[in-house]
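Please look through the sequence and the structure shown below. The report that follows takes them up part by part.

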Amino acid sequence: MRRVTPRRGAARDAGPTPAVPAAGPVTGGSRPVLAAVLVSWCALAWGIAAKDGRYGAWAMAAIGVGVTAATCATWWARPHPVPHPGPRPLGADGWGGQRLAWALVALTVGIGPLVRHPRYYASGTPATVADILAACAGLLAAATIALHLGGPRRAPDGGAQAPESEAVVPGGGRGVSGGRPRWRPVGPGRGSTALFWTVLTLACAAGVATIRAAPTPRIDVFHLLQVSAVGLVHGADLYRQQWAPDRASYGVDGLFDVYPYLPWTSVLLAPARLLLGDVRYGLLAALAVAAICARRLGTTTAGAVGMLPLLVVILPESMYALQQSWTEPLLIACLAGMVLAVRHGHLRLAVVAFALALASKQHVALLVPLAAAWPAFGVRRTAVSAGTALLLVAPWLLAGPGDFVDDAVVTNLRYKVLGHSLSVPGWASHFGVTLGFGPALVVLVAAYALAWRARGDASGFCLGGALVLLGASLMNKQTFFNHYTLPMGLLVLTAVLLATPMPTPTRATPRGRR
């Protein structure tokens, strides 16, 4: 029998094909990859929530645990070279090995909103309503996960029945018998669609209440986004604007006439600013889009697995992040859309989504090597995305190259190490130690090496990307709450992909041969 290989450039994540790909779904064999991903997400969530994203001994320890767990998951993960006997939707480590990790997720999303809900600039009845709605969303998600911690149910004949999130192929077995199988979840939880939308609605309602409770937060990010978004309509160059008539009337301790992002952050948020008066409605919509895209990534949406996509919205202090106007939700939505588009074979849409992310914030460029190493996306599409992003940014670059470089490049490079930075340089500064770029470079090189080891499919791209961004945040001079939320979003995408993998194709038998 002759082996049939897919043509070069074929997208391996775009559904099953009649041939075996060179590298299949990322798995860890007997290693608890999914459990490590979930533990990493929980540790990071508690680390950034401990002191609202600022340095503290316990906060730094939790971040260390989160980065270590992500490192272990990436080390254990590898592309599986041969077909599985069937998908193992709870990861390659089995259900029993994951109970503790799932229980930790339930505790994090359930207790987090009850323990930590900083008000800062929010006040009045809307702030209380936001706290209650966020707590309800977290408790409902936690209860759903807790109800499914019992593991596989028993079949009527006494044998073990597949976990409710596992898929079966009509006609027998859990493998792939050729062609495109029709998948259906077994077990309870078919009402999980209503649960997903209920939790998402509660979280979004909490977000609206948060925005109403803090109409003018005293943080520079809010003001620079508000003013620059309106300035786009009037043709103002956001790299030459200032965010108040003068510093005396500004009332904010922060950037006054500096735009530190790439321009498409404001472009993407301009509709929310012009239609609803507040850019944060756009950020809230981006979180909802990210959760919906993550949900569509999986082949199963039942039970505990169905709650995974919601982790981008219901992490502890998610409403605090929204109140502060931090822009990472835009990036999470773009990357989730990119992965979803590749997964379903819409590669041009994936190129556009990645280009928008690249044109919105500088550190997304760290993902360019990983996108090029992802066979389903590849070098050519990565180059097209980068070129498209450059074209999207070009009008501002050409209008004022000096202003652009000063704001978007030099300002970020000249940041000083802050003692309350939740990073290794911030921690070292408490002992009078100043770390240069060398240690950061070593960490990034190690992260890329591990990400290269885990390359293969969509989960490999997301997991490797999460580790690289975690390494950059860990060694950054100024790292706070929002910097960790982007790698956390990629960990959520990784968990969804590991928990409900696409069916693995088998070798095809050419016609006329047996």
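In which loop does Asp 237 lie? Asp 237 is found in the loop between α6 (220–233) and α7 (247–250). The report returns to this residue after an overview.

## Overview

The model is predicted. The protein has 514 residues, and 56% of them count as buried. Its secondary structure is made up of 19 helices and 4 strands.

Contacts can also be sorted by distance along the chain.

## Helices α1 and α2

Two packed helices are described by the angle between their axes and the distance between the axes. For α1 and α2 the angle is about 160° and the axes are 7 Å apart. An angle over 145 degrees counts as roughly antiparallel, and α1 and α2 are therefore roughly antiparallel to each other. Their crossing is left-handed.

The α1 side of this contact includes Val 33, Ala 36, Val 37, Trp 46 and Ile 48, and the α2 side includes Ala 59, Ile 63, Val 67, Ala 73 and Trp 76. By class, the residues of the contact of α1 with α2 divide into 18 nonpolar, 3 polar and no charged.

## Helices α9 and α11

Helix α9 covers residues 280–297 and helix α11 covers residues 328–343. The axes of the two helices come within 8 Å and cross at roughly 25°. Angles under 35 degrees count as roughly parallel, and α9 and α11 are therefore roughly parallel to each other. The crossing of α9 past α11 is left-handed.

Among the residues of α9 in this contact are Leu 283, Leu 287, Val 289, Cys 293 and Arg 296. Among those of α11 are Pro 329, Ile 332, Ala 336, Gly 337 and Arg 343. The residues of the contact of α9 with α11 divide into 14 nonpolar, 1 polar and 2 charged.

## Asp 52, between α1 and α2

The loop between α1 (33–50) and α2 (57–76) holds Asp 52. Is Asp 52 buried or exposed? Asp 52 has a relative accessible area of 9%. Buried means under 20%, so Asp 52 is buried.

The backbone of Asp 52 has a positive phi of about 60°, although the residue is not a glycine. Its side chain is joined to the side chain of Tyr 120 by a polar contact of 2.5 Å. Asp 52 and Tyr 320 are 268 residues apart along the chain, and their C-alpha atoms are separated by 8.4 Å.

## Glu 317, between α9 and α10

Glu 317 lies in the loop between α9 and α10 (318–323). Its relative accessibility is 5%, so Glu 317 counts as buried. Glu 317 is not a glycine, yet its phi is positive, at about 65°.

Asp 237, in the loop between α6 and α7, is buried, with a relative accessible area of 14%. Which residues does Asp 237 contact, leaving aside its neighbours within four places in sequence? They are Trp 396, Ala 399 and Gly 400.

Asp 457 is in the loop between α17 (437–453) and α18 (458–474). Asp 457 counts as buried, at 10% relative accessibility. A polar contact of 2.8 Å joins its side chain to that of Ser 459. Arg 343 is 114 residues from Asp 457 along the chain, and the C-alpha atoms of the two are separated by 9.2 Å. Arg 343 is also one of the α11 residues that meet α9.

## Ile 111, in helix α3

Ile 111 is part of helix α3 (residues 99–115). At 36% relative accessibility, Ile 111 counts as partly exposed.

Leaving aside neighbours within four places in sequence, Ile 111 is in contact with Trp 46 and Ala 106. Trp 46 is one of the α1 residues in the contact with α2. How far apart in space are Ile 111 and Pro 316, C-alpha to C-alpha? They are 8.4 Å apart in space and 205 residues apart in sequence.

Conventions. Residues numbered from 1 in each chain as written. Predicted model: local features only at pLDDT ≥ 70, side-chain atom pairs only at ≥ 80, totals over all residues. Heavy atoms only, no water. Axes fitted to C-alpha atoms, helices over the stretch in contact; angles between N-to-C directions. Parallel < 35°, antiparallel > 145°, perpendicular 65-115°, else oblique. Left-handed = near helix turned anticlockwise from the far one by under 90°. Contact = heavy atoms within 4.5 Å. Nonpolar A, V, L, I, M, F, W, Y, C, P; charged D, E, K, R; others polar. Buried < 20%, exposed > 50% of the residue type's maximum accessible area, 1.4 Å probe, protein only. Polar contact = N/O pair within 3.5 Å; in protein donor to acceptor, adjacent residues only side chain to side chain.
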